[in-house]
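Visitor: I have the structure open. Walk me through it, and back each term with its cut-off.

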There are 4 protein chains.
Amino acid sequence: MAETEIGLGKSGRRAYRLDEVTIVPTRRTRDAELVDTSWELDAYRFDLPILASAMDSVVSPDTAIALGGMGAGGVLHLEGVWTRHDSPDEVLAELASLDDPAATRRLREIYATPVRHELVVERISQIKDAGVMACAAVTPQRTEELMPAIREAELDLLVIQGSVLSAEHVSNHDEPLNLKTYIRQLDIPVIVGGCASYQAALHLMRTGAAGVLVGVGSGSTGTTSAVVGIGMPQATAIADARAARMRHLDETGVYVHVIADGGMSTGGDIARAIVCGADAVMLGAPLAAATDAPGRGYHWGMSAPHATLPKGTRVAVEPRGSLVEVVSGPAVDMSGRTNLVGALRGAMASCGYDNLKEFQKAELMVTGLGA
Amino acid sequence: MAETEIGLGKSGRRAYRLDEVTIVPTRRTRDAELVDTSWELDAYRFDLPILASAMDSVVSPDTAIALGGMGAGGVLHLEGVWTRHDSPDEVLAELASLDDPAATRRLREIYATPVRHELVVERISQIKDAGVMACAAVTPQRTEELMPAIREAELDLLVIQGSVLSAEHVSNHDEPLNLKTYIRQLDIPVIVGGCASYQAALHLMRTGAAGVLVGVGSGSTGTTSAVVGIGMPQATAIADARAARMRHLDETGVYVHVIADGGMSTGGDIARAIVCGADAVMLGAPLAAATDAPGRGYHWGMSAPHATLPKGTRVAVEPRGSLVEVVSGPAVDMSGRTNLVGALRGAMASCGYDNLKEFQKAELMVTGLGA
Amino acid sequence: MAETEIGLGKSGRRAYRLDEVTIVPTRRTRDAELVDTSWELDAYRFDLPILASAMDSVVSPDTAIALGGMGAGGVLHLEGVWTRHDSPDEVLAELASLDDPAATRRLREIYATPVRHELVVERISQIKDAGVMACAAVTPQRTEELMPAIREAELDLLVIQGSVLSAEHVSNHDEPLNLKTYIRQLDIPVIVGGCASYQAALHLMRTGAAGVLVGVGSGSTGTTSAVVGIGMPQATAIADARAARMRHLDETGVYVHVIADGGMSTGGDIARAIVCGADAVMLGAPLAAATDAPGRGYHWGMSAPHATLPKGTRVAVEPRGSLVEVVSGPAVDMSGRTNLVGALRGAMASCGYDNLKEFQKAELMVTGLGA
Amino acid sequence: MAETEIGLGKSGRRAYRLDEVTIVPTRRTRDAELVDTSWELDAYRFDLPILASAMDSVVSPDTAIALGGMGAGGVLHLEGVWTRHDSPDEVLAELASLDDPAATRRLREIYATPVRHELVVERISQIKDAGVMACAAVTPQRTEELMPAIREAELDLLVIQGSVLSAEHVSNHDEPLNLKTYIRQLDIPVIVGGCASYQAALHLMRTGAAGVLVGVGSGSTGTTSAVVGIGMPQATAIADARAARMRHLDETGVYVHVIADGGMSTGGDIARAIVCGADAVMLGAPLAAATDAPGRGYHWGMSAPHATLPKGTRVAVEPRGSLVEVVSGPAVDMSGRTNLVGALRGAMASCGYDNLKEFQKAELMVTGLGA
């Protein structure tokens, strides 16, 4: 743990973004067809190491079903437009027609409408009825409130997510959710996050979660770093979580999955995240760029409507191709932003690795301003 | 103290700007309402760790009163337009109507008008009469001359400030102000600066000052680094002053406050400055961006009218919101430049700290080009 | 081998691009006329350490002949337009007249036309008949298929090239080319590549190749780094291959040439590549910028038409001067992109070295953003 | 001497530009009037540590006289327009009226006209007759040829200068100038350069020169780094020469002056060069920006007309103020490019140093992208 002296009274480690590292080809190569990109979380198997972010601009029940069909996972936010409105498609279409100031006002209204438990059940059921594994997210503040509906709908995988989430939250309101006791008692696998340090990842792993989301301040809708000064370059955040995973495995024999969340825009970024140590990635903006994404050309964070300190903003996204083209190809341009999985396969093949766990062993180099 | 070899005959330490560091979230979080941002200087308590710079574009008696009402401190410059002119508001309004060359000429005239002692008394009294703590600044060259008026008006907190100020100034004019003997004899708490190194901060602390301003060449109106080659990246300057504070405390038992001055533009910068070691920050440009700032859309340094080597220049500032919105919110956009204190609270809460002194212990990482 | 900690669970070495290093003048200087830029590969001697890339936008039989006449080597791609079409000049002229989308479609058609063995023989013979050494390239996938025609035409130097090529390829199609056994049995000198690490270079050297191409992801037509996350800054790639060359020489007594491929655009880049350890360089984009290049103002990679994951793209190139002016001068502007060899001679002379092998000993410095 | 590993087979030191270092204020300050900027070279004393570059766009006899009057030194090039033409002012005025391509052609003609010895004598005498110390430059190739005229005119200070100059030049033409024997026999103080490394500087010092010019590839008219790959960031070049000066002083008792040449554009750059170890600076572009500079709004290197590999180019320069304003002020803007000496005095005063030799001891910090 090499510290850099910031000044005589304070030191810190040097941290790296994903575009500051590059994967080094090895002395072996392999046909891309011989590469296995699957991973398993608890009892579930995914063909692709991709989860779609629990954001209304990224995941609707329809896109969740489409992603499930491709072998990826779409995480529906249970506190978003789909559980607050009867006709979310109309709401989203209206939103896409508004200019930015009007959209900001409308977003606040949309998320001021109450979450309805019967809609929670309905949306989850819609995904399950399509024969696809149902994944959905809640904030820790509302987890207990929404849990009866989640159980009723027999959700397959639960994500408990905040922009920064810790296993030890101090609150003076009502009793905050104690992740350490709460998760262990659930009969459904849970992913928790986000976090961005070795200690925070380790303590989230100790809650009994099946996976931990890693990433703070790297996503395209968050301006956490400028607004509050907090953030971790994603390559270092992942590599620190990898070390936490090793320690937790050593201590308990349980392998908790590290899921890189945010800071990735190309297939190359996904490959680099995995070599840093991620078992899978959670993607927002890259999937919001699909022509058939629910955001209809826009992308926004779920914390955007915060009244006094907005952390996210609605951003226009350049359309890249259909969701299938973005995820599995064929690539429609040379930007690396379509056929993300093809790119990952290509990276693994060029380095001679045949599965994700092996690929994590690939050599990285640190570069100045990209190779 | 790790030195880098610049060449075979000269070495130096690596220094960092505030935007080259990022705060790492910890394993704890906290409600933002449970965060305490107060600090105490001598007998005075401030709810917010913010002082407004002694610049005519930032602090008028009215803004000083407004800032005092919010729990911050507005430092009025006693050698500026307010103590030279009977109708400063008219002068400032005229200035705002001029183009840049005309404004440069007018600035020289404005500051060529003599400082009048009865105006010094009047302006200070105006602030005190509003029931607010009165803070004001002088240069070391004129401290003794203005002290009778300062005493008469019963100023609460005095700032003695130069762009680079040392405890040992060599002059061949009249006897220069000996800070080491002068400050100790005053019955009013004093903040001195600016300085930007461990040794300079330590010697200023030894003058008996209650606080030291840290920052040279980082402010938006100064071009010190290009003009004279001098300057210190602010993260390192603060961390060095923190070390000086520790040594001075160890030697004397007296805690001298480190006030970061310049180089901050967002709430994130303020949070980073505090984690580097600052007890409070002094802000110029971020407050000049208030729609009700006395600069009326412009910002200039108090050393701008220097005849042969101008170090500062009048710059137009983008209006961000009212002074209240800039300091305490609600945020009016997502730039991090409004609701500065809300952002600071958010940072402290995300890292689980409940007061500023604890927050100084947060972990920093050094980044390449920002997180 | 100094490792940098990316995070607690992953480390990597710091890697450098060619524009991050600069050559340090020594205490000796020399007339540029006294500088020898020749090198020998197997039985062949080149006056200039320059090979032209096996790309249709760079090398035609005519340019191969012109380059041979200058003492450089032009490598014709045997799976490109020249061996698929009877009238390649017409095809290339048509391509130059198309806009980008039409050109992308046309490129796919052009390279879908089958390679004809009699054209392979014909093109090679055309070069040999001009009295010039014939160099040509194939991919490992088609090496065995094309070898009879190559032998029939009595090719002088064979390049076996893929974007990332290893000595140990895993495939489930037919038996992949085993470079280790295949190259040794050939009676023609072979250059293989590309590779970009010490281990990969070492294993390619052990195949019996006379030279190894070094460079992955640095060329101007490849977007390997963004698309698949793989790549090596070229200065480090070359210096690693230099170490592999030393080890291979120590183990076997055989000196295998390191040929830097990609990432160079000026004479200064060529000089830096040689000081890093290259024996010669392979140039694409700098030669495609010749007014008489076959690409006619465009440049594209040979992997551009890949169906599902295009790695290269047709790019317009700024014309710089004739091929002779680009390679040997006189320089037509001050960009360093014409008279590449004159620049190299100037660099060697300024540092007092009289041949390439000596020049590899010159001192390098690492710079921030270029000198 | 800390080496960085570029790759497994090649290492190099990290080198810094002047804008990568910043001067740290100390615990002392001083009135700017109490600062002494003089230095002595052999028997001559300069009030200002500034030499004007031997370039036709910078120094004419008139500007040499003007600079001498200010206490600086103007070095006239004895192989430029002034010794080739009877009416150089007309030639320079004509040149300023031409567009770039025409100017490039005309420059070649102008410098193809032979140097006339009687003009050498005349120009030097003109400067001496004005009561100013006469400084002039020659290339090593023509030093012996021009020496009779130089002696006849009783030049005070001779500069022998090439873009890279070594004490050991290998040539196959006639016998090259042996600096080691030649300089010692002269009865006139000599400055030689440029060089940019410890060894090169040390060997130039051993020729008996009174001063060494340090800087390769940093000047604004040279594109050495891009064209030939050679160059040294100036802060490191100066600090290396400082170490050579210390060793030479230790070995011989003789103090040879280090004169930083190129890479400086503001007063801050000059201050940083001196703290790195320079005894004085040689300025080209900053003085060509004077409204009364002989280049009349243009600046070009003396090696620009090189036939096959041009290293320099005519560049338009933004006019900044009169020569007096540029050198001694008053400053006409806030760019740091006028009143260069005032800025230097300000830097020395802010750090409490009273002469140049003391100022060389000031502390430097290495910064990321400037303070």
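Visitor: Which residue is the bridge partner of A:Ile191 in E13(A)?

Guide: The partner of A:Ile191 in E13(A) is A:Gly211. This is a predicted model, in which local features need pLDDT of at least 70, side-chain atom pairs count only at pLDDT 80 or more, and totals for chains, interfaces and linings use all residues. Residues are numbered from 1 along each chain as its sequence is written, while chains are lettered from A and ligands numbered from 1 in the order in which they are written.

Visitor: What makes strand E12 and strand E13 of chain A a pair?

Guide: Strands pair if DSSP finds at least two bridges between them. Strand E12 (residues 190–195) and strand E13 (residues 211–214) of chain A are joined by three bridges, and they run parallel. Strands here are DSSP runs (E, at least two residues), helices are runs of H or I (at least four), and both are numbered from the N terminus.

Visitor: Which strands of chain A form the closed barrel?

Guide: The barrel has eight strands, in the order E7-E8-E9-E10-E12-E13-E14-E15 of chain A, with parallel pairing. On average, neighbouring strands of this sheet are turned by 25° against each other, direction ignored.

Visitor: How does helix H8 of chain A run against E12(A)?

Guide: At about 165°; H8 (residues 198–205) lies across E12 and E13 of chain A. Angles run from 0 to 180 degrees between N-to-C directions, with axes as lines fitted to C-alpha atoms, for helices over the stretch in contact.

Visitor: What makes the relation of chain A and chain B like a four-fold axis?

Guide: A rotation of 90° with 0.0 Å of shift along its axis superposes chain B on chain A, with RMSD 0.0 Å. The two copies are therefore related as by a four-fold rotation axis. Copies are superposed by least squares on C-alpha atoms of residues with pLDDT of at least 70 in both. B:Gly368 comes closest to the axis of the residues of chain B, at 6.2 Å (C-alpha).

Visitor: Which strand of chain A is joined to E4(B)?

Guide: Strand E11 (residues 168–170) of chain A, through three parallel bridges. There, A:Glu168 has B:Arg28 of E4(B) as its bridge partner.

Visitor: How do you know that chain B and chain C do not touch?

Guide: No contact is found, and their nearest C-alpha atoms are 11 Å apart. Chain A and chain D have no contact either, with closest C-alpha atoms 11 Å apart.

Terms used. Contact = placed C-beta atoms within 7 Å.
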